[in-house]
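Good morning, and thank you for coming. Please look at the sequence and the structure on the screen while I speak.

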Amino acid sequence: MTTIAAPIVCLLGPTASGKTAAALALAQDTPLEIISVDSALVYREMDIGTAKPSVEELASVPHHLIDIIDPADAYSAAQFRRDTLRLVGEIAARGRRALLVGGTMLYYKALTQGLSPLPSADPDVRARLDADAARDGWPAMHARLAKVDPVTAGRLAPNDAQRIQRALEVFEISGKPMSQWIAETPAEEAGAHRFVPVALEPSDRAVLHARIAERFALMLRAGLIGEVEHLRARGDLHLGLPSMRCVGYRQVWEYLDGDVDYDTMRDKGIFATRQLCKRQLTWLRSMPERHVVDCTAADAPQRAQDAVRAIWNA
């Protein structure tokens, strides 16, 4: 007799959609542990700009994959997949439910579908691409990518430096576009686990945009500039690192460099967050299997809880 694996709910959504509040509410009457699906929350010393759960919230329920690496280091989607598959097994062995919560859709895709075996990074190629970008700008590099890999370029923003660089690097090393590598790689199963996405999406995007603007203003009032000043003072961080490319940190760094004034920094931070939100929603809407909850509804937290519990009890 085959045993059907219990579903592992993944509470996904764009920034400011209320994922953390819904997850903590679920933890009030369910023995669960939260696994973060967020590429910014992995970094230590980056609390305000990542909207990291408070000390009290982190203490109220076990959290995983938060504050696990230094901002000078990198954490890949492949590492996330390995860590999460290990964690869900350990959590189940403790008799508790794993609840995945976050908005880094590449992590979710890596978890549920695996990753294609792309060529390893080449420091020399990356250095050359960085030099070209410093001279020509990332929009010009995006245009270069569009000529050799229009599929990948079509899903990247012109200033998405990290992903544009990686796609160009893959092409230069292998002579094959990244999109072709991905298309030729068979889907990889996520072991015996069954992941079910619950997506917090806005019926009115203007409401979410207003939340984003208010939240960025709150981050600035809470000390985001001081947080970035502290990181800069370390002396080993720079804008080329994945950590400092996180939304908000790049814009404040440029402000501290004197490249933009305060109002421009604030506006650019809000705009970058909205662009991130747009990309997250595009990812979500490509997943027909998701259960959708309107995150702008007045009773959104309760709707999210009801959706998760319905999956657990099915």
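Predicted model: local features only at pLDDT ≥ 70, side-chain atom pairs only at ≥ 80, totals over all residues.

Alanine 16 is in contact with Leu208, Arg211, Ile212 and Arg215, once its neighbours within four places in sequence are left aside. Alanine 16 sits in the loop between β1 and α1. Is alanine 16 buried or exposed? Its relative accessible area is 13%, and buried means under 20%, so alanine 16 is buried.

Which residues does threonine 15 contact, leaving aside its neighbours within four places in sequence? They are Leu208, Ile212, Arg215, Thr273, Cys277 and Gln280. Leu208, Ile212 and Arg215 were named for alanine 16 as well. With a relative accessible area of 9%, threonine 15 is buried.

Serine 17 lies in the loop between β1 and α1 too. Its relative accessibility is 4%, so serine 17 counts as buried. Not counting residues up to four places away in sequence, serine 17 touches Leu200, Leu208, Arg211 and Cys295.

Threonine 20 has its place in helix α1. At 33% relative accessibility, threonine 20 counts as partly exposed.

What does the database record say about this stretch? An unreviewed UniProt entry gives the annotation "binding site" to Gly13, Pro14, Thr15, Ala16, Ser17, Gly18, Lys19 and Thr20. UniProt also lists, under "binding site" in an unreviewed entry, Thr15, Ala16, Ser17, Gly18, Lys19 and Thr20.

I turn now to the backbone. Most residues other than glycine have a negative phi. Alanine 51 is not a glycine, yet it has a positive phi of about 55°. Alanine 51 is found in the loop between β2, residues 32–37, and α2, residues 55–60. Its relative accessible area is 32%, and alanine 51 is partly exposed. Leucine 65 likewise has a positive phi, of about 65°, although it is not a glycine. Leucine 65 is found in the loop between β3, residues 63–64, and α3, residues 77–93. With a relative accessible area of 7%, leucine 65 is buried.

Next, please find lysine 147, in helix α6, residues 138–148. Lysine 147 counts as exposed, at 74% relative accessibility. How far apart in space are lysine 147 and alanine 213, C-alpha to C-alpha? The distance is 35 Å, and the two residues are 66 residues apart in sequence.

Finally, the whole protein. Its secondary structure comes to 14 helices and 6 strands. The radius of gyration is 20 Å, close to the 20 Å that the globule rule gives for 314 residues, so the protein is as compact as a globular protein of that length. Along the principal axes, the C-alpha atoms fill a box of roughly 60 × 50 × 35 Å. Of the 314 residues, 46% count as buried. Among contacts with a separation of 6 or more, 76% come from residues 24 or more positions apart. The protein exposes about 15000 Å², with carbon and sulfur atoms supplying 53% of that area. There are 37 positive and 40 negative side chains, and the centres of the two sets lie 4 Å apart.

Thank you for your attention.

Note on methods
Residues numbered from 1 in each chain as written. Heavy atoms only, no water. Helix = DSSP H or I, 4+ residues; strand = E, 2+ residues; numbered from the N terminus. Rg over C-alpha atoms; globule rule 2.2 N^0.38 Å. Buried < 20%, exposed > 50% of the residue type's maximum accessible area, 1.4 Å probe, protein only. Contact = heavy atoms within 4.5 Å. Areas by Shrake-Rupley, 256 points an atom, 1.4 Å probe, with all protein chains shown as cover. Lys, Arg positive; Asp, Glu negative; His and termini not counted. Charge placed at Lys NZ, Arg CZ, Asp CG, Glu CD. UniProt positions renumbered as here; feature names shortened; annotations may be inferred.
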